[in-house]
Amino acid sequence: MNTTVAGTGIADHPVVAKDRWLVQRKALLAREKELTRLRDQIARERRALPWTRVEKNYIFDTPDGSRALADLFEGRRQLLVQHFMLGPDWEQGCPSCSYMADHVDGMKVHLEHRDVTMLAVSRAPLDQIERFRRRMGWQFKWVSAFGSDFNYDFSVSFKSEEWAEGQGEVYYNYSVRLFPAEEAPGISVFYKNDAGEVFHTYSTYERGVEVMMGTYNLLDLTPKGRDEHNAVYTMDWVRHHDRYEPAPATKPAAHACCHPSN
C-alpha cells in the first residue's frame, strides 16, 4: 500500500507499509553512519591543525574590570568565543547571534567539565552588552572588545571607512567578498599552555556557526525540516526569544475524546 498524507502541508508525501519503511530507513542509516564517520574524521583533522601564537595583548572590559585575553580562560586551558554581532551604536544584538546564544547557558557546565571556558565577545561597550544580556536573561559571561583590535583582527568587525570604500567588500571567512554589515558572526577557539602563552587554534564563520544552533539539529529530524523559504536570508524567521508571537495552537482533531463534537 502506498498512499499520501492529507492536511500536513507537505504535498504528496508517500506513506508505505512498515516493512517497506524499514528497508528505506536502514538504507538512510547507512548514509547517516557515513556522515558520522566523516564528521569524526574532520574533527581529527581540525584538532591536528597547527596553531598560531597570539602576540597582541588584547584587553577586554568585563564585569570584573579590565582583563587580558589570557585572563578570560578562568583557570582552564581552552577558551571558546562566540563573536556576537552587537555594534557600538546598535540598540540590540543580532537575532541570529541571539539564537546561537540561547543554547549556551545549558552547555556551559558541561563545557567547563571538559576544560573549556565559553563566553561571548562584542564590540559594543559593556553597559550596552549588560543591558541586552539582562533583557534576554542569559547567565553566560559576555565581554566588550570596544577600543580593542580583537574583532578586527579576527575578521568579525569591519571599519566603517574600509567597508564603505570597498562598497561592502571585506575579508571574511578566509576570502574577500561582499558582506552586508560592519559586524559579522563567528566562533574562535584558543588554548593556553602552562607558561601562560595563548594560541589561536581555530575559527569558523558563516554556516560554520551552526554548531551552536542545536535547534537546527532537531528541526533537521522533522518532516518539515527547517521550513525556511527566503533564499536570500534563510534565517528571516528567527526572532529574539522575547519577541516571538505566541506559537499557533494545534487544533484538536475532530471527534477527539477530550473535545467532543456537539
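The sulfur of Cys 97 lies 3.9 Å from the closest cysteine sulfur, in Cys 94, which is too far for a bond. A disulfide here is a pair of cysteine sulfur atoms within 2.5 Å. By this rule the count comes to zero disulfides. Cys 94 is in no disulfide, and the nearest cysteine sulfur is that of Cys 97. Cys 97 is buried, with a relative accessible area of 1%, and Cys 94 also counts as buried, at 11% relative accessibility. Buried means under 20% relative accessible area, exposed over 50% and partly exposed in between, with a 1.4 Å probe and protein chains only.

A word on the model: it is predicted, so local features need pLDDT of at least 70 and side-chain atom pairs count only at pLDDT 80 or more, while totals for chains, interfaces and linings use all residues. Residues are numbered from 1 along each chain as its sequence is written, and side-chain values use heavy atoms, with hydrogens and water left out.

Next come the pockets. On a 1 Å grid over the protein atoms alone, a pocket is an open set of points with protein on both sides within 12 Å along at least five of seven lines, whereas a cavity is a set where a 1.4 Å probe fits but cannot get out; lining residues have an atom within 4 Å of a point. Grid points are joined across faces, edges and corners, and a volume is the space filled by probe spheres set on the points.

| Pocket | Volume | Lining by class |
|---|---|---|
| Largest pocket | about 1,300 Å³ | 20 nonpolar, five polar and nine charged residues |
| Second largest pocket | about 720 Å³ | 18 nonpolar, two polar and six charged residues |

In these classes, Ala, Val, Leu, Ile, Met, Phe, Trp, Tyr, Cys and Pro count as nonpolar, Asp, Glu, Lys and Arg as charged, and the others, Gly among them, as polar.

The largest pocket has a volume of about 1,300 Å³. Of its 34 lining residues, Arg 39, Ala 43, Arg 46, Tyr 202 and Val 211 are the closest to its centre. Helix α1 (18–47) is among the elements that each supply at least two residues of this lining, and α1 gives the most, with eight residues. Helices (H or I, at least four residues) and strands (E, at least two) are DSSP runs, numbered from the N terminus.

The second largest pocket is lined by 26 residues, with Ser 96, Pro 185, Tyr 233, Thr 234 and Met 235 nearest its centre. The elements giving two or more residues to this lining are α2 and β10, and α2 gives the most, with three.

Where does Pro 125 sit? Pro 125 is found in the loop between β7 (116–122) and α4 (126–136). Pro 125 is partly exposed, with a relative accessible area of 22%. Leaving aside residues up to four places away in sequence, Pro 125 touches Pro 88, Ser 144 and Phe 146, where contact means heavy atoms within 4.5 Å. In α4 itself, the buried residues include Leu 126, Ile 129, Phe 132 and Met 136. The buried residues of α4 pack against β4 (59–62), α2 (95–101), β7 and β8 (142–144). Just after α4, Gly 137 takes a positive phi of about 80°.

Tyr 171 stands opposite Val 176 in β10. Two residues lie between β9 and β10, and Asn 173 in the turn has a positive phi of about 55°.

Definitions and conventions: Two strands pair if DSSP finds at least two bridges between them.
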